[in-house]
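Here are some friendly notes to read alongside the model. Take them one at a time, with the picture open beside you.

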Amino acid sequence: MLRIQCPYCGLRDESEFTFGGQAHIVRPPPECSDIEWAQYLYVRENSKGRQEERWCHTFGCARWFNVTRDTQTHIIQPVSGADEPSSVPDTRAGEYCA
Amino acid sequence: MRPGPYRLSSGGSIDRTTPIWFTFDGRALVGHPGDTLAAALLANHIRVLGRSLKFHRPRGVFSCGMEEPNALLQLSEGARTVPSARATLTPLYDGLRAKSQSGWPNVRFDVLRIFDRVAPLFAAGFYNKTFMWPSWHWYEPMIRRLAGLGRAPVLPDPDRYEVRNAHCDVLVVGGGAAGLAAALAAARSNLDVWLVEQQSELGGWARWASGRIEGVSAQEWIRSTIRSLGTLDNVRIHTGTVAVGVYDHGVVALNETCEDGQGVRERFCVLRTKKIVLAAGAIEQPLIFDNNDRPGIMLAGAAHQYVKRFAVAPGRVLVIATNNDSAYPVARDLVASGIRVACITDARARVAHPLAEDLRREGVPVHEGSLPLNTEGFRVLSGVTLGHVSDDAQSIVSTWSVACDALLVSGGWNPNLALYTQAGGKLQFDLDRRILVPSLPLASVSLAGEAAGIDDMELAVKHARALGNEGPAFSSNASEFCGPRVRPGGDPRRQWVDLLHDVTVSDLDLAIAENYRSIEHVKRYTTIGMSADQGKTSAVAAIELVAARRAMSPADLGHTTFRPPVLPVTLGAIASGLHGKLFASWRETPLHAWHVAHGAVLETYGGWQRPACYLQTGESREDAIRREVVAVRHDAGLFDASSLGKIEIHGPDAREFLDRFYINRLDSLKPGQVRYAIMLRENGVVLDDGTVVALSPQQMLITTTSGNATRVAHWLEEWRQCEWPSMRVVIVPVTDRWATLSLSGPKARDILRRLEPNCDLTREVFPHLSMRQARLQGVEARIYRVSFTGELTYEINVPSSAALSIWQELLNHGGAYGIQPYGVEALQRLRLEKGYIHIGTDTDGTTVPEDIGWGHVTRAKLRDFIGKRSLALPESVRADRLQLVGLRSSGALLVAGSHIRISDTRRTTDGWVTSAGRLSSDGTPIGLALIRGGRSLLQQEVSIYDAGRQVGVATVVAPPFYDAPGDRLHA
């Protein structure tokens, strides 16, 4: 069980949270290609090391926020609100929308 | 009262003045306070305690602690019976009833010992290779009866369990000298400390071992340290508590066996720690030789403890076989206790331990460069064959035999680091000491005492005191090197590595011969280390044996994973009282008490307890459902739909916000108009359906299916917060605030009129799919004309506090019209006749709107909405998608879940029945089904399959089955 720092409530057990997957995924416009849309729907990073994720403190303040979690050590880095800019460059959009 | 024949006349920390009576396999025996069950059995010369798993070999006590692979006994009977209790950890109590777990007619004359004669049959992979035809399932019941360990209780658990959540700065695991010193040092630094000890008393080996710590005897040091800890209020001490697992971020699971007499049997604790000090000691490893499993063969350190702590002699004449120094103090203490040690063999070519000379002077031969080769005995040990080996330990130089009834073995001490690895620590094989040691420091876990490789108590205490915030230091003392642990040659089929799972050296040979290379694969193929002891005395030897056979260094082989729990935990402790309503709670509507008082058969639907139907005197369930259906079709019915999800969306952008979720156009929705609407996931799959109304320009109200109310509110919130944070909306779930009473049937209008609502109910003014905010009997009400039955329906939403009075008013006034309350089952039949779908029943995780006939709506909406783009993907427009259609049969009743085949040419299913029932008019079996390309099959016959067999045919039709023009709906 992880211990997650909610930016609004403080350190809480993982069981209070809902995992929201990879953060900073940009929704392509409706005119995009099928491939681009399928990438948006289904393709996610599966990195060994730091990755940016969304979490929701569902059984607390119900707010969404971003964290950086190391998938190897589970060390969770400082957090931001879900609408705040990423603390690491968002490589996804450029990679798949080209 | 007679002490057991093997009880020494003096010594030990037992209370000899008090007898404790207990039974083993029905035989009455006596022990003393301070004994474990294993000690008391040994004192009474009970040597055969069980039969081994595969070969039914007799087995006896092998250890003195949690690593015990043999002495697993069934305790008590009935509801409180405990399977596979380790006799070595079970404190003796008055009236304890223990039984061996295998052996028939009894453990001494086990008929199945024949399995030992055909041992070659039971090689690794035996089950997988043998019981293949006709199928494993055919053999499984018999094999399960023969195999396995204890029997789980079948009666309800009468005991209470607790779960507890706690925090601390430092958790010290292990209450021996090192653990006590670490706890005291941390507590004196003003840290919040927890100390857990698996045994019921603190002190560990220092309670009985010879030796001095900081100038006083070990026992005196323990007493004074415990006193010091007692004066500090920032230390919590939990004895009888096992740290069973370490999880991420310093979370530790503890399981406490309670003896507080407060009716709690076990207490499970989830402890959040900042730092762990692991002082859980080390586990002595066995030696590998032929027939090394006979009762009477025991770990040397365990024998030491039986003699010193329990005053129990492991035998009359002993042989000690070691490959390291730790056995010499054991030999000294045993000789001092008057036990005859016939000889000592040491696998090392040269023995430098100072006690070796002392022992020789006292007449105990110490043979260097020698190992046990084989043992003799019928049921129990009667003698051992020893051998001198060459310097490289690859060949035998000479052999000789010694008669003895106990053989004490020591293959070195492996630090107990399971919790360290669970916290992320890595181990490496130490070639000098032939054990697994930490390879890198871990910030969250410090090691102390024998777990840190320090077996001297004085040094361990000094080291533990200084731990502070340093990483773990593992003591590496080159003089502690161990000799070989495996005899050369011999019969590998008779050389046990894992006693509990009966895995021999030949099983490892076979695995290697069949090209299993990774130690993890060898483990799974041979099941070595996979039993209840999790390889505590077998994993290390397995690494050495496998590495030798692969001609590589054990240091390069790696090791298996030591997963939680470290010791088995009862399911009761994990459940901790969370059963029944506390396990999966259900919700009740404001009318729950009324339902209960009026014959409702309550069932859980979508997390709510709701009436399935209302039973009247003498009625069967089917009678009741039919009566309710007839009432709705002919007169009127009243349904408690309060579980219907209700969410208000407020704010200037409320309508625009919702428009992005639904496939339907909401811009044209006029005040008072209701729209049936469907929302999708981003992949185009139907998520939920319900209604949308505009209460005012800045106030929208949506309904959801009962089971989806929370999910939909969460879904709306996710998009509001993460994608459209600038939209000015507030999402307010109001399901509990409003009760929903659904009045349905041709006489619904007449009945509602009797309650004098302040709105016009005539069809022209208040048509189907509209909503009025009105007052009803002085209560504010939101009255919808929507229908899930196909009849004229008013869904009357009133504040939950007014639900009961309005419900009763409707029934009172409706009495003259033949009104009946009806339940979920009647509603299911009514909606099926109309072909109304239930999301999640008639749709699944692949259903897009086109599949359920709503494609025209998605195409008509030009603006983007969630999931729209996915509907244009090639997968979403395939002609052979599963499409929802109706089925009508002239034969047997259809069954939901039955499979459908269009023709015999395809080997796979072409779909399945999603809902099934009968026409209310003539009982014709009908159903809804998802069928591959179903809409192109109208009026065709398809085959219905249930449980693999064809059960009938049905005709594909287009729903609805009832009132197709909708005259009754629009009445």
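What percentage of the 98 residues in chain A are buried?

1. Buried residues account for 14% of the 98 residues in chain A. Buried here means that 20 or more other C-beta atoms, placed from the backbone, lie within 10 Å of the residue's own.

2. A word on the source: this is a predicted model, in which local features need pLDDT of at least 70 and side-chain atom pairs count only at pLDDT 80 or more, while totals for chains, interfaces and linings use all residues. Residues are numbered from 1 along each chain as its sequence is written, with chains lettered from A in the order in which they are written.

3. Chain A has 2 helices and 6 strands, arranged along the sequence as β-β-β-α-β-β-β-α. Helices (H or I, at least four residues) and strands (E, at least two) are DSSP runs, numbered from the N terminus.

4. Now turn to chain B, where an open sheet of 6 strands has the order S41-S42-S43-S40-S34-S44, with mixed pairing. Its edge strands in chain B, S41 (771-776) and S44 (819-821), each pair on one side only. Strands count as paired if DSSP finds at least two bridges between them.

5. Look inside that sheet at S42 (residues 779-784) and S43 (residues 793-799) of chain B, which run antiparallel and are joined by 3 bridges. Here B:Ile783 stands opposite B:Ile796 in S43(B). As background, strands of a sheet pair through backbone hydrogen bonds, either parallel or antiparallel.

Key: Buried ≥ 20, exposed ≤ 12 C-beta atoms within 10 Å, placed from the backbone.
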